[in-house]
Amino acid sequence: MNAEMPGATKPKSDDRSAEAEKRKVPLDRSEKRQVDERLSLPARLIHEVVRHQGIDELERPALSLMWSGLAAGLAISVSVLGVAVLHQELPDTPWRPFLAAFGYSFGFVLTIMGGLQLFTESTVTAIIPLATHPTASSFMRTGRLWAIVLASNFVGTLAFASYATAGGLSNAALTQAMIDVSMPVLSRSPAATFFSAVPAGFLIAMLVWTLPSAQAQKLWMIILVTSVIELGHFSHIVAGSTQMWVLVLAGKASIGAVTAGFALPTLAGNIVGGSGLFALLAHAQERQEIVTDEG
């Protein structure tokens, strides 16, 4: 049985008047089809795509989440490697940081296009189902997803950093470049790190929200959004954890220092930006139009 909240659906008279207004310009069937093909997905449908994606993630077995999260941690580390490669190979000019920032997109392309479980994506996909049905059970399964994915992402980035710093890249100069591009992790206070992490969480959540409409432009959307994160020096908890582990394993920082100064404030900022700002605002715009089945 459908239980409608006040204002859950638009009045039928409004729907009829909207349809009548659309028909004021006569179009044949072919022209109508072309118009439909060029329309962006309505926000309500995007909301449902993301919600269904989130439900699928929340219902995955713990072992599946763990292996997918581990693979995502390894794949996202390619972002740090990509920046290091470009940093090493490009001449030392004022525009080198700009071009090197595009290397940051490499790991995100592999992770997102490969459908791997990345924690910062789940700050929006897992929150939309929770916001739609905010029950104790929903809170529990969201916490379960976040805990498993974040832990396995960290294991994956630690494995990659261990391999790189142990000489697995067979290129001492490249390993040093990875250390060099990781040093900014230590350059900010915890408060500054938190505030730099909020835009990163927001941008990743916005990316997840726009991908259902992006279609053939998905690759470019990922590249543009994630390169902005690097160009803006915004903190991302998973890609940043690769940098964190590199510095710890290279003896440049202690685990306590990077945990308190980087990991915890970045995690909090990403959650605030992804879940607190974007996901809840994205849900709020559709809340009055959602009809839920309570029976």
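Predicted model: local features only at pLDDT ≥ 70, side-chain atom pairs only at ≥ 80, totals over all residues.

**Contacts, burial and packing**

Biologist: Leaving aside its neighbours within four places in sequence, with which residues is Asn-153 in contact?

Modeller: Contact means heavy atoms within 4.5 Å. By that test, and with neighbours within four places in sequence left aside, Asn-153 touches Gly-69, Ala-72, Gly-73, Gln-117, Leu-118, Phe-119 and Val-238. Residues are numbered from 1 along each chain as its sequence is written, and side-chain values use heavy atoms, with hydrogens and water left out.

Biologist: Where does Asn-153 lie, and why is it called buried?

Modeller: Asn-153 belongs to helix α9; helices (H or I, at least four residues) and strands (E, at least two) are DSSP runs, numbered from the N terminus. Buried means under 20% relative accessible area, exposed over 50%, and partly exposed in between, with a 1.4 Å probe and protein chains only. The relative accessible area of Asn-153 is 0%, so the residue counts as buried.

Biologist: Which backbone nitrogen lies 2.9 Å from a polar atom of the side chain of Asn-153?

Modeller: The nitrogen belongs to Phe-119. A polar contact is a pair of N or O atoms within 3.5 Å; within protein, one must be able to donate a hydrogen and the other to accept it, and residues adjacent in sequence count only if both atoms are side-chain atoms. Another such pair stands at the start of α10, where a side-chain oxygen of Asn-171 comes to within 3.1 Å of the backbone nitrogen of Ala-173.

Biologist: Why are α4 and α9 described as oblique to each other?

Modeller: The two helices pack at an angle of about 45°, with their axes 7 Å apart. Axes are lines fitted to C-alpha atoms, for helices over the stretch in contact, and angles run from 0 to 180 degrees between N-to-C directions. Angles under 35 degrees count as roughly parallel, over 145 as roughly antiparallel, 65 to 115 as roughly perpendicular and the rest as oblique. The pair α4 and α9 is therefore oblique. Among the residues that α4 brings to this meeting are Gly-69, Ala-72 and Gly-73, and those of α9 include Asn-153, Val-149 and Gly-156.

Biologist: What makes the angle between α11 and α12 an antiparallel one?

Modeller: Helix α11 (residues 190–214) packs against helix α12 (residues 218–231) at about 170°, with the axes 10 Å apart. That value makes the two roughly antiparallel. Among the residues that meet are Leu-203, Leu-207 and Leu-211 in α11, and Met-221, Val-225 and Ile-229 in α12.

Biologist: How do you know that Ser-79 and Ser-122 are buried?

Modeller: Ser-79, in helix α4, has a relative accessible area of 0% and so counts as buried. Ser-122, in helix α7 (residues 119–125), is likewise buried because its relative accessibility is 0%. Beyond neighbours within four places in sequence, Ser-79 contacts Gly-103, Tyr-104, Ser-105, Phe-106, Gly-107 and Phe-108, whereas Ser-122 contacts Glu-57, Ile-127, Leu-145 and Trp-146.

Biologist: What makes Gly-115, Ser-170 and His-233 exposed?

Modeller: Gly-115 has a relative accessible area of 51% and is therefore exposed; its place is in the loop between α6 (105–113) and α7. Ser-170, in the loop between α9 and α10, is exposed because its value is 70%. His-233, in the loop between α12 and α13, is exposed because its value is 54%. Ser-170 also has a positive phi of about 55° although it is not a glycine, and phi of His-233, again a residue other than glycine, is positive and near 60°.

Biologist: Which residues of helix α10 are buried, and what covers them?

Modeller: In α10 (residues 172–182) the buried residues are Leu-174, Thr-175, Ala-177, Met-178, Ile-179, Val-181 and Ser-182. Their cover includes α4 (62–89), α9 (136–168) and α13 (237–249).

Biologist: How many helices and strands does the protein chain have, and what share of its residues is buried?

Modeller: The chain has 14 helices and two strands. Of its 295 residues, 41% are buried. Among contacts between residues at least 6 apart in sequence, 83% join residues at least 24 apart.
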